[in-house]
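Subject: Structure handover

Hi,

Here is the structure for your review. My notes follow below it.

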Amino acid sequence: MVRLRVAVVGAGAAGLCAARHILSRAHAFAPPVVYELTGHVGGTWFYEERTGFYDNGLPVHSSMYQNLRTNLPKEVMMFPDFPFDPELPSFLSHQEVQRYLEMYCESQLITPHIRFNTVVKEVNPVAVETEGEEPRTMWEVTSSDEAGSQMTDTFDSVFICSGHYSDPHLPTVPGIRHFTGRVLHSHSYRYPELFSGQTVVVLGAGASGLDISIELTRVNAQVTLSHSKHVLTVPLPSGLRQVGVLVEVQEDGSLLFQDGSVTEAQVLLLCTGYNFSYPFLDPGRLGLDIQEHLVTPLYRYLMPPAFPTLFIIGICKIICPFPHFNCQVQYALGVLEGTVALPSKALMEEEAQREVERKTSQGVPLRHLLKMDKDQWGYYQTLSSSAGFPPLRPVVQSLYEEVWRQRQVHPQNYRKLNYRLISDTQWLLRE
């Protein structure tokens with residue numbers, strides 16, 4: 001039997017997970033080729049002090065800031081077959097997660113298969129005809145190494161694992177030309193001391209917006225948190241006030257908010273999320289519509305129906321990332337091995353469209369259609385039952401939901417708690 005060749009774009013958590021499972025199925029797959037833009041594994045978990053651009057002109061990939069700690073406990077975050085060190089606290093620093101990914105890479109012998117400092121330029125489908133057989137799709141991956149030399153390799157399948165936290169979404173702010181202070185996106189935020197004693201307006205109260213706002217108050221910054229949510233009723237630091245959506249920057253440089261309040265600021269910090277960006281793909285050729293916050297159609301949130309040997313791993317948001325990657329990768333490999341039977345292209349398109357309609361009928365805005373949250377548990381169950389791999393343990397959902405509750409009540413203190421899993425269904429609060 002001829003083994004299938006698979007390319008993996010990215011050596012962050014998703015890419016390492018893909019490589020690990022490909023290597024474990026040596027009967028069906030040749031060792032993968034993993035393309036990595038930087039000189040290290042870890043993706044966005046690798047902290048870099050520098051911002052802006054690398055020496056080669058490419059933008060700095062990581063959005064990690066110095067004091068970031070996980071907002072999910074390690075008992076929920078871990079790959080199901082590779083636990084974190086039990087001596088570590090539940091909520092980890094980014095350095096500890098980076099070390100975990102490096103250990104995962106080493107233990108699974110993935111490093112020899114990674115092409116570091118290699119930029120993927122193009123990923124294109126090509127039709128290959130063999131006498132007596134139906135035409136099949138292969139993939140040409142064109143890459144460029146550190147020296148600038150280009151190379152094209154051919155594969156049976158491509159796993160896109162390049163993440164979606166590297167292309168900052170910059171909202172349109174009416175009158176922004178009048179603002180005389182500093183404007184930056186959280187992608188370029190590294191530590192709070194630079195803003196000590198300053199007046200800062202933070203746009204967006206997602207996980208990063210709230211975290212960064214809280215840590216800015218610890219260096220005596222006066223923080224105004226502008227967002228579209230209901231007023232947060234949780235305990236917040238005294239140096240942090242909430243306002244409505246930013247309407248405009250007025251001619252005198254002050255900021256006008258939807259609730260009528262006006263403030264002046266030295267810094268405007270945009271915690272406004274990220275765009276989906278796959279510059280090496282030709283969306284039209286693949287039958288895909290790639291927008292800033294949405295990619296459609298994707299069957300099972302994974303593959304374009306027109307090309308079901310191309311897999312975009314980890315595109316969903318509000319998930320348990322590492323278990324999510326683990327489920328998606330195993331399902332995708334089941335598709336390639338033939339243990340998962342796919343419906344026709346038309347039926348896959350219909351199912352993807354039905355999923356969009358289901359969410360929009362519930363009032364979900366288009367920009368949030370890839371947010372899973374409570375839907376993730378049924379999704380993992382569907383993938384595991386279809387592909388025949390062990391389902392995610394119920395205790396993961398149980399602890400995830402408990403931590404979500406704690407985060408709503410104690411946004412400053414929930415990370416002080418430590419947990420321990422004691423069975424497939426039970427967890428304990430550690431002293």
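Start with the sheet. Three strands form an open sheet, ordered β4-β5-β6, with antiparallel pairing. Strands here are DSSP runs of E with at least two residues, helices are runs of H or I with at least four, and both are numbered from the N terminus. Two strands pair if DSSP finds at least two bridges between them. The edges are β4 (119-128) and β6 (150-155); each has a single partner strand, so one side of each lacks a neighbour in the sheet. From one strand to the next, the twist averages 20 degrees. For angles, axes are lines fitted to C-alpha atoms (for helices, over the stretch in contact), and values run from 0 to 180 degrees between N-to-C directions. Nine bridges join β4 to β5 (residues 136-144) in the antiparallel sense. V120 sits opposite S143 in β5.

Two notes on the source. This is a predicted model: local features need pLDDT of at least 70, side-chain atom pairs count only at pLDDT 80 or more, and totals for chains, interfaces and linings use all residues. Residues are numbered from 1 along each chain as its sequence is written, and side-chain values use heavy atoms, with hydrogens and water left out.

Next, the cores. A nonpolar core is a set of buried Ala, Val, Leu, Ile, Met, Phe, Trp, Tyr and Cys residues joined through side-chain atoms within 4.5 Å. Buried means under 20% relative accessible area, exposed over 50%, partly exposed in between (1.4 Å probe, protein chains only). The largest nonpolar core has 116 residues; F159, L216, F322 and Y331 touch the most other members. Helix α6 (residues 321-337) gives the most to this core, nine residues. A second, separate core has twelve residues, including F179, L255, A265 and L270.

Then Q98, in helix α3 (residues 94-107). Q98 is buried, at 7% relative accessible area. A polar atom of the Q98 side chain lies 3.0 Å from the backbone oxygen of V41. Leaving aside neighbours within four places in sequence, Q98 is in contact (heavy atoms within 4.5 Å) with V41, G42, W45 and F46.

Last, N71. This residue is in the loop between β2 (33-35) and α2 (74-77). N71 is partly exposed, with a relative accessible area of 26%. Not counting residues up to four places away in sequence, N71 touches F91, A207, V403, R407, Y414 and R415.

Best wishes

Methods
Polar contact = N/O pair within 3.5 Å; in protein donor to acceptor, adjacent residues only side chain to side chain.
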